[in-house]
Amino acid sequence: MAELGLSYKKDENFGEWYRQVLLRADMIGYTDISGCYIIRHWAMKIWENMKAFFEAETDEMEIESCTYPLFVTRDSLEREKSHIEGFAPEVAWVTEAGKSELKVPVAIRPTSEAIMYPDFSKRIRSHLDLPYKQNQWVNVVRWESNPTPFIRSKEFLWQEGHTAFATKEEADHEVQEMLELYRKIYEEYLAVPVVKGQKTELEKFAGALYTTSVEAFIPNAGRGIQGATSHCLGQNFAKMFDVKFENEMQEKAMVWQNSWAYTTRTIGVMVMVHGDDRGLVMPPKVATLQAIVIPVIYRDVDTEAILEACRKTVVTLKKAGFRVKADLSRTSTPGQKYWHWEMKGVPLRIEIGQRDLDKNQVRFVRRDNSEKVDIPLNNNLVERVKDTLDRIQQNMFDVARERRDACIQVARTWEEFMEALNQKKMILAPWCDEMDVEEDVKKRTKGEGEMGAAKSLCTPFEQPELPEGTLCFASGKPARKWTYWGRTY
Ligand code: 87F
């Protein structure tokens, strides 16, 4: 356990800091393919904790589990040609098996519309088959050229939900329901504040009628990041893949479809938002371990009694359902252990030493704010742990929201917009909502600095008042809505 502290500071070299935290916390491993990472236990458990919450909710909504094949034929992909064009460079192909060339190469799924919808077309016959709701937890491959672990990798994990309804109203309703689940994952589980909104015409999924998203912001990078998306596909795919049903009047009709997804990117966002110069900081609700019990053993103490108290504490807390363990190794000092578990971001440290035994207490130390409190053991320990984890969860969200809010800047003119952009802000601006104006904003910001062009993040559903006569920051035309802008991941 003779590790060294982080050699990069979050505020000084954010990119290197991020990579170092992931390695030192043992969340990822590198492989000999750039952009393909090993997701190690410490990160995988976070993913599984999120999955448990999400599946409980989708089960309630009667969404069914399934897994479709990894491969898709060229023919199927071509059926959605119109919007796959822009994505073509990211599609990976299998062209050989052993030494022989495949007669028909198959693509590795970058997303599964072209795999699932031909099957939807067969399975959905009548209005009695609707709504039809499928979800799968799988890996997908997109050949990214500029990868960042969790944020943008060649292979990643996600859940993708695909649903079909008889009416647009039902589809509209579900779009919002799923978006709300994504807000919950970010705000209530990852303690990361997000904005719910609609994507602009330029930024929406080309195959969708409209796209909604939750958008997060990374203050240190000065970049927005799309957290998850929930699309209303309208009848676009129903037409492409012939997904029809017979309605109650025995007429043929096209289904209304949605799709929605979130990915392991969530983990990267969580690390970037909460980590500090001592390493990872995990929010209790998703944390791999919620508490670590450490015996404080120096000379002249009753070692066995302390170790026994640690074991007993773990048993009690495990029984109560907490994710907890004790670090009883004899090869490192208490100080080294504190430091190690801080690096790994465990929300609560429980120290037990001779002084604590004598006073029948334990010591709590919080990872988020370093607060130390002595907890008398005659007081209900389980309750105190629950209460402390709840407070940590809430405090992490409050702090993150304050930091995010401090990055939001209202801009009413192009000058104000550019100034805010150069200060790495998330910009809220009145906008005319015209596609060519957004294209123009991209062009005009491309040459400014190394950070790339600015684009819209979303039009928030919660709209500030827009007084008559307000003008668009970019075109000077009458503004139609308030929209968030910024540089993005
Ligand atoms: C990359 C290569 C090929 C995104 C791609 O958002 C195709 C695509 O269709 C592609 N990258 N997309 C859009 C994905 C849309 C949609 N799919 C289901 C979602 C949610 C889950």
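Helices here are DSSP runs of H or I with at least four residues, strands are runs of E with at least two, and both are numbered from the N terminus.

Before going further, a word on what you're looking at. This is a predicted model, so local features need pLDDT of at least 70 and side-chain atom pairs count only at pLDDT 80 or more, while totals for chains, interfaces and linings use all residues. Residues are numbered from 1 along each chain as its sequence is written, and side-chain values use heavy atoms, with hydrogens and water left out.

Let's stay with helix 10 for a moment. Seven of the 10 residues in this helix, which covers residues 334–343, are buried, so the rest of the structure largely encloses it. Buried means under 20% relative accessible area, exposed means over 50%, and partly exposed is in between (1.4 Å probe, protein chains only). The buried set is Pro334, Lys337, Tyr338, His340, Trp341, Glu342 and Met343. The cover over them includes helix 1 (14–24) and helix 2, along with strand 15 (291–296), strand 16 (324–326) and strand 17 (348–353).

Now zoom out. The protein has 14 helices and 23 strands. A compact globule of 489 residues would have a radius of gyration near 23 Å, and the 25 Å of this protein agrees with that. That radius is taken over C-alpha atoms, and the globule rule is 2.2 Å times the number of residues to the power 0.38. Along the principal axes, the C-alpha trace spans about 80 × 55 × 50 Å. Of the 489 residues, 52% count as buried. Take the contacts (heavy atoms within 4.5 Å) with a separation of 6 or more: 69% of them are between residues 24 or more positions apart.

What about the surface? The accessible area is about 22,600 Å², with 48% of it belonging to carbon and sulfur atoms. Those areas come from the Shrake-Rupley method with a 1.4 Å probe, and for residues only the protein chains shown count as cover. As for charge, there are 68 positive and 75 negative side chains, and the centres of the two sets lie 4 Å apart. Lys and Arg count as positive and Asp and Glu as negative, with His and the chain ends not counted; each charge is placed at NZ of Lys, CZ of Arg, CG of Asp or CD of Glu.

Helix 2 came up as part of the cover over helix 10, and asparagine 49 sits in that helix 2, residues 41–60. Asparagine 49 counts as buried, at 15% relative accessibility. A polar atom of its side chain lies 2.9 Å from the backbone oxygen of valine 286, and one lies 3.3 Å from the backbone oxygen of alanine 287. Leaving aside neighbours within four places in sequence, asparagine 49 is in contact with Lys285, Val286, Ala287, Thr288 and Arg323.

Most residues other than glycine have a negative phi, and most peptide bonds are trans. The bond from leucine 130 to proline 131 is cis, with omega near -5 degrees, and proline 131 lies in the loop between helix 5 (113–123) and strand 7 (132–141). Alanine 191 has a positive phi near 60 degrees; you'll find alanine 191 in the loop between helix 6 (168–189) and strand 9 (195–198), buried at 0% relative accessibility. Asparagine 360 also has a positive phi, near 55 degrees, in the loop between helix 11 (354–359) and strand 18 (361–366). Asparagine 360 is partly exposed, with a relative accessible area of 40%.

Glutamate 180 lies in helix 6 and is partly exposed at 25%. Its side chain makes a polar contact of 2.6 Å with the side chain of lysine 196. A polar contact is a pair of N or O atoms within 3.5 Å; within protein, one must be able to donate a hydrogen and the other to accept it, and residues adjacent in sequence count only if both atoms are side-chain atoms. Arginine 366, in strand 18, is buried at 9% relative accessibility. The side chains of arginine 366 and asparagine 369 are joined by a polar contact of 3.3 Å. Beyond four places in sequence, arginine 366 is in contact with Pro347, Glu371, Thr388, Arg391, Ile392 and Asn395.
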